Amino acid sequence: MFLRRVFGRTLFAAAKSETSAAGAAAASTVRTTHNPLEEFFEAARNPEEEKPVVYGRSWKATELRLKSWDDLHKLWYVLLKEKNMLMTQRQMLHAQNLRFPNPERLPKVRKSMCRIKHVLTERAIEDPDPRRTAEMKRMINAL
């Protein structure tokens, strides 16, 4: 009887700590989840900051030729997401009669996306199998 009480308390305490840990993990995921539409807007920045934000340059074709098909595919969707975010922000600010900050970012993204398509088309043309070339071109044109 004594052993049952001791082991029962130990098992109950372990089960209680597991459920509280699971509850804490569930609560933390609830707190950190966000609206997926927030990805269409840039993080809030104070426009009165003294130091201007410097953005990068567009990707060069020579750099893109070194990347694998999968890396180019991932980069395409990152750039697409960035393009959608910039266009949403531009439209929102235009509706409020405000100036779009850093308008040079959008052409950089478009130029990078165009260069990715160019590099993928080069690879498709170099492929010796005509069926595979046709399939790759269909995929590239769908981008």
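**Figure 1. Asn-102 in the loop between H3 and H4 of a predicted model.** Asn-102 is partly exposed, with a relative accessible area of 23%. The phi angle of Asn-102 is near 55 degrees, which is positive although the residue is not glycine. Most residues other than glycine have a negative phi.

**Figure 2. Asn-97 in the loop between H3 and H4.** Is Asn-97 buried or exposed? Asn-97 is exposed, and its relative accessible area is 71%. Phi of Asn-97 is near 55 degrees, again a positive value in a residue other than glycine.

**Figure 3. The crossing of helices H3 and H4.** Two packed helices are described by the angle between their axes and the distance between the axes. Here the axes of H3 (residues 69-95) and H4 come within 9 Å and cross at roughly 155 degrees. Angles over 145 degrees count as roughly antiparallel, and H3 and H4 are therefore roughly antiparallel to each other. Their crossing is left-handed. Residues that make the contact include Trp-69, Leu-72, Trp-76 and Leu-79 of H3, and Val-109, Ser-112, Met-113 and Ile-116 of H4. Sorted by class, the contact of H3 with H4 has 15 nonpolar, 7 charged and 1 polar residues.

**Figure 4. Ser-112 in helix H4.** Ser-112 belongs to H4, which spans residues 105-126. With a relative accessible area of 1%, Ser-112 is buried, because buried means under 20%. Which residues does Ser-112 contact, leaving aside its neighbours within four places in sequence? They are Ser-58, Trp-59, Leu-64 and Leu-79. Leu-79 is also one of the residues of H3 in the contact with H4.

Terms used:
Residues are numbered from 1 along each chain as its sequence is written. This is a predicted model: local features need pLDDT of at least 70, side-chain atom pairs count only at pLDDT 80 or more; totals for chains, interfaces and linings use all residues. Side-chain values use heavy atoms; hydrogens and water are left out. Helices (H or I, at least four residues) and strands (E, at least two) are DSSP runs, numbered from the N terminus. Buried means under 20% relative accessible area, exposed over 50%, partly exposed in between (1.4 Å probe, protein chains only). Contact means heavy atoms within 4.5 Å. Axes are lines fitted to C-alpha atoms, for helices over the stretch in contact, and angles run from 0 to 180 degrees between N-to-C directions. Angles under 35 degrees count as roughly parallel, over 145 as roughly antiparallel, 65 to 115 as roughly perpendicular and the rest as oblique. A crossing is left-handed if the near helix is turned anticlockwise from the far one by less than a right angle, and right-handed if clockwise. Ala, Val, Leu, Ile, Met, Phe, Trp, Tyr, Cys and Pro count as nonpolar, Asp, Glu, Lys and Arg as charged, and the others, Gly among them, as polar.
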